[in-house]
Amino acid sequence: MVLKKHSIFPGIILIGIGTYFLLQQLSITLFTGFFSWSTLVMIIGIALLVQAYSANDHSQILPGVILTGFGFHFHPMNTLSIWPDHFGMLVFIVALGFILRSLKTKVEYSQGFILMAFALLLLNYDAFINQLGALGSGLSLITRFWPVILIGIGFYLLFIKKK
């Protein structure tokens, strides 16, 4: 007989969203921009993370990190000038989710680290291109067509490299 894992996700969601709307009705603002869609996304992500770690439901780590991270990312983006407003941050959050899931499941570390390297490249793209430009004009073809290289690697991984 297989026992089902007790899901605390619905309870956490109801508590989180109920608290959100109670604070809104009472006009209690925790920080600027608190009452926005990104806070609701964070609540859902946090509920998934609590479910993942408390019930050993490791499949919820990746979506939990993505939702929590995206919600957290969009809060300071418009208020803090030092916060990176870049696609690389979203890739960084997804990579972090893969790495955290890998730490619990002990499988597929490479996905997270490849995405993390790509995110760091995107976040430092201008400096990286300047460094490549300093190496010579022969690399200008790479700097111009790097998206085609990514597409090619993706096709290789999907269709040529078989497990």
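Start your tour by selecting Ile151, which sits in helix α7, residues 140–160. Keep in mind as you go that this is a predicted model.

**Stop 1**

**Stop 2: helix α5**

Next, select residues 109–123, which are helix α5. This helix has 15 residues, and from its first C-alpha to its last it reaches 21 Å, close to the 21 Å expected at 1.5 Å a residue. Now colour Gly112, Met116, Ala119 and Leu122, which are buried. Where do the buried residues of α5 fall when seen down its axis? Turn the view to look along the helix: they lie within an arc of 125°, so they line one face of α5.

**Stop 3: Gly69 in helix α3**

Move on to helix α3, residues 61–77, and pick out Gly69 there. Is Gly69 buried or exposed? Its relative accessible area is 15%, and buried means under 20%, so Gly69 is buried. Then select Ser38 as well: Gly69 and Ser38 are 31 residues apart in sequence, and their C-alpha atoms are 9.7 Å apart in space.

**Stop 4: aromatic rings**

Now show the aromatic side chains, where the count comes to 8 aromatic pairs. Begin with Tyr20 and Phe35: their ring centres are 5.6 Å apart and their planes meet at 65°, so this pair is edge-to-face. Tyr20 belongs to helix α1 (residues 9–25), while Phe35 is in the loop between α1 and α2 (37–54), so the pair ties together parts that are 15 residues apart in sequence. Compare how covered the two partners are: Tyr20 is buried at 5% relative accessibility, whereas Phe35 is partly exposed at 28%.

A second pair to select is Phe72 with Trp83, which is also edge-to-face, at 5.7 Å centre to centre and with 75° between the planes. This pair links distant parts of the chain, with Phe72 in helix α3 and Trp83 in the loop between α3 and α4 (87–105), 11 residues apart. Phe72 is partly exposed at 48% relative accessibility, and Trp83 is partly exposed too, at 21%.

Methods
Residues numbered from 1 in each chain as written. Predicted model: local features only at pLDDT ≥ 70, side-chain atom pairs only at ≥ 80, totals over all residues. Heavy atoms only, no water. Helix = DSSP H or I, 4+ residues; strand = E, 2+ residues; numbered from the N terminus. Expected span 1.5 Å × (residues − 1). Buried < 20%, exposed > 50% of the residue type's maximum accessible area, 1.4 Å probe, protein only. Arc of directions from axis to C-beta. Phe/Tyr/Trp six-rings, centres within 6.5 Å; stacked < 30°, edge-to-face > 60°.
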